[in-house]
Amino acid sequence: MKDYNLENRKFIIGGVAVVIVLIYVVRLFTLQLMSDDYKKNADSNAFLKKIEYPSRGAIRDRAGRLLVYNQPAYDIMVIMNEESGRLDTADFCQTLGITKEFFVKRMNDIKDRTKNPGYSRFTQQLFMSQLSNEEFSNFQEKIFRFPGFYVQQRSIRQYQTPNMAHVLGDVAEVSESDIEDDDYYQPGDYIGKVGVEKSYEKVLRGEKGVQILLRDARGRIQGKYQNGKYDRRPIAGRDITLSLDEKLQALGERLLEGKIGSIVAIEPSTGEVLCMVSAPTYDPRIMVGRQRGKSHKMLSHDSWKPLLNRSIMGTYPPGSTFKTTQALTYMTEGIITPATLFPCHRGFYCRGLHVGCHSHASPINLVNAICTSCNGYFCWGLYYMMGNRRKYPNVQTAMNTWRDYMVSMGFGYKLGIDLPGEKRGLIPNAQYYDRAYNGSWNGLTVISIAIGQGEVTLTPLQIANLGATIANRGYYYVPHVVRKVQGLPLDTAFRRRHHTKASRRAYDYVVAGMRASAERGTCRMLGRYNFEACGKTGTAQNHGRDHSIFMGFAPMNHPKIAIAVYVENGGWGADYGVPIGGLMMEQYINGKLSPSSEKMAEEFQKRRIGYGTRSR
């Protein structure tokens with residue numbers, strides 16, 4: 001008779017043995033084929049993959065003047081698996097001039113995967129960046145004493161000029177999000193953080209190379225693996241030529257010293273930005289090397305916000321410069337003709353509402369209304385447009401028609417400049433006012449938008465682009481600060497004309513009004529120049545002193561430059577906007593300032609408003 005218990009036990013023992021064997025097989029398969037830990041360990045003992053960083057592209061101005069270039073720098077890298085506690089920490093710290101506390105913290109930070117998600121004990125990790133030549137020399141002499149530590153050569157940015165900080169931008173060490181967004185980067189790499197350095201990062205950075213070096217059992221370098229067969233040479237980044245004129249930019253920054261505001265100049269025929277000044281500013285040379293973090297912290301805590309590029313990030317009421325857009329809209333829509341006369345007895349009076357204006361002849365026509373910057377004329381124009389029921393069935397339709405004209409002129413949305421951080425400003429539509437007034441509103445409710453006040457806000461870039469559009473009599477190119485990228489065509493977005501809804505005839509009359517303003521109106525200070533300038537002043541109401549604004553272009557019939565000047569708390573447009581705008585146009589058109597203009601520039605450079613009067 002069979003013993004079934006014994007028979008079953010035999011199967012159980014056999015089954016257990018099979019399971020154990022399977023477990024070992026699976027584990028061996030996982031270790032050898034699925035996991036790369038052992039491969040990394042073996043490779044790390046045999047090979048050293050040395051990254052070779054490419055030279056970052058240089059940056060020049062439109063005349064070829066060098067603005068940004070590279071200088072050699074050295075990083076100290078560590079492979080934790082090789083260091084393994086064999087280091088004479090005291091000697092290491094003394095050689096580099098660091099404390100033991102710094103050493104311990106840095107090593108812990110490297111191994112902390114929350115701070116360094118790409119950490120591996122088999123690969124090079126950044127220990128210390130951007131050593132000076134002296135620090136590098138001291139370390140290089142003793143490097144044989146420090147197992148696991150290597151020197152990595154790279155280049156750092158150097159800025160030739162103290163100007164253009166907001167446009168040029170700077171580079172800094174990559175963040176965790178940078179690494180997650182692009183696998184090109186690894187901890188310790190550098191990336192453009194703001195300005196052109198950021199927006200053109202991929203063409204400036206180039207492509208990394210790699211050297212595969214063979215090591216012996218003691219980690220000593222024996223030479224290149226297979227004579228460099230698998231090495232890859234770095235590819236240098238592409239050089240960039242900006243559209244900015246360094247001399248014009250320098251003058252603009254001089255003129256806005258001690259003030260808060262912006263100057264933007266554009267070449268109308270191309271959309272190339274000739275200068276972009278934002279004040280207060282800072283010297284880009286303080287944002288280089290290991291001092292960058294300290295400098296950035298100082299600037300970010302400054303209450304006057306010098307890191308803010310007001311040219312594209314500041315949104316302001318455009319004031320009376322906006323009246324040109326109203327003239328274009330009213331005339332194209334048939335609300336007015338050039339001969340239409342409106343009264344202005346020190347302002348606009350209608351149904352108990354009063355919008356003030358300065359003294360001038362009345363009634364007044366379109367050209368003279370632009371020339372004298374009459375508030376009453378443009379308020380009446382908006383009032384009749386919003387109330388015209390033969391043309392528009394209701395005020396909402398009239399309002400949205402008005403909005404469409406503004407959008408076609410480049411307002412209410414980002415223009416698309418090749419710099420990060422551009423703001424869109426605000427152009428209200430009918431839905432905006434329906435929400436604000438529960439559907440019960442009319443032209444008088446929103447009358448202040450006719451003179452660039454109320455809800456309307458623009459960036460200085462948009463105001464300068466308005467000047468370029470008028471100079472072109474009805475079209476503009478998307479403004480851009482890069483003129484040429486080495487070996488690449490200019491983006492087609494910057495070569496396409498954008499036509500507005502306004503008629504060519506309307507633009508001709510607006511140009512006539514702006515020229516009259518330069519000859520005998522609010523911009524008559526422009527009459528001193530040897531070129532035909534056209535201009536429009538603006539004075540934007542403010543809780544404190546009003547903002548001084550100017551928008552114009554020159555020469556009238558063959559325009560080379562369009563410009564916007566915005567000086568916060570500068571008073572009337574003629575106080576700061578016009579004289580600064582005139583000096584900038586003279587510098588660009590003539591290539592230099594006359595002796596009398598240089599004297600005027602020195603006077604404006606010394607003036608202080610707000611920012612410059614603060615005790616430091």
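Asp91 is a buried residue, with a relative accessible area of 13% (buried means under 20%, exposed over 50% and partly exposed in between, using a 1.4 Å probe and protein chains only). You are looking at a predicted model, in which local features need pLDDT of at least 70, side-chain atom pairs count only at pLDDT 80 or more, and totals for chains, interfaces and linings use all residues. Residues are numbered from 1 along each chain as its sequence is written, and side-chain values use heavy atoms, leaving out hydrogens and water.

- Helix 4 covers residues 89–96, and its buried residues are Asp91, Phe92, Cys93, Thr95 and Leu96 (helices, H or I with at least four residues, and strands, E with at least two, are DSSP runs numbered from the N terminus).
- What covers these buried residues? Among the elements that do are strand 3 (66–78), helix 5 (100–111), strand 4 (125–131), helix 6 (133–142) and strand 5 (149–159).
- After helix 4 comes Gly97, which has a positive phi near 70 degrees.

**Salt bridges**

- How many salt bridges does the structure hold? There are 23 (each is a side-chain nitrogen of Lys or Arg within 4 Å of a carboxyl oxygen of Asp or Glu).
- As a bit of background, side chains of opposite charge can pair when their charged atoms come close.
- Asp91 makes a salt bridge with Lys142, and the closest N and O atoms are 3.6 Å apart. Asp91 sits in helix 4 and Lys142 in helix 6, so this pair ties together parts that are 51 residues apart in sequence. Lys142 is partly exposed, with a relative accessible area of 25%.
- Arg205 pairs with Asp182 in another salt bridge, with 3.1 Å between the closest N and O atoms. Arg205 belongs to the loop between helix 10 (201–204) and strand 8 (209–215), while Asp182 belongs to the loop between helix 8 (176–181) and strand 7 (190–192), so the pair ties together parts that are 23 residues apart in sequence. Arg205 is buried at 12% relative accessibility, and Asp182 is buried at 16%.
- Asp189 forms a salt bridge with Lys208, where the closest N and O atoms are 2.4 Å apart. This pair links distant parts of the chain, 19 residues apart: Asp189 is in the loop between helix 8 and strand 7, and Lys208 is in the loop between helix 10 and strand 8. Are these two partners buried or exposed? Asp189 counts as buried at 1% relative accessibility, and Lys208 is buried with a relative accessible area of 11%.

**Contacts to find on the model**

- Arg145 lies in the loop between helix 6 and strand 5, and this residue is partly exposed, with a relative accessible area of 41%.
- Which residues does Arg145 touch, leaving aside its neighbours within four places in sequence? Arg145 is in contact with Leu87 and Asp91 (contact means heavy atoms within 4.5 Å).
- Arg145 and Pro72 are 73 residues apart in sequence, and their C-alpha atoms are 24 Å apart in space.
- Leu251, Arg254 and Leu255 in helix 11 meet Glu598, Ala601, Glu602, Phe604 and Gln605 in helix 22.
- Back in helix 1 (residues 4–34) you will find Ile20, which counts as partly exposed at 43% relative accessibility.

- Most residues other than glycine have a negative phi, and most peptide bonds are trans.
- Ala279 and Pro280 are joined by a cis peptide bond, with omega about 0 degrees. Pro280 is in the loop between strand 12 (272–279) and helix 12 (292–300).
- Another cis peptide bond runs from Ala554 to Pro555, and its omega is near -20 degrees. Pro555 lies in the loop between strand 19 (547–554) and strand 20 (561–567).
- Arg351 is not a glycine, yet its phi is positive, about 50 degrees. Look for Arg351 in the loop between strand 13 (347–350) and strand 14 (353–356); Arg351 is exposed, with a relative accessible area of 68%.
- Ser373, also not a glycine, has a positive phi of about 60 degrees. Ser373 is in the loop between helix 15 (366–372) and helix 16 (375–386), and at 7% relative accessibility Ser373 counts as buried.
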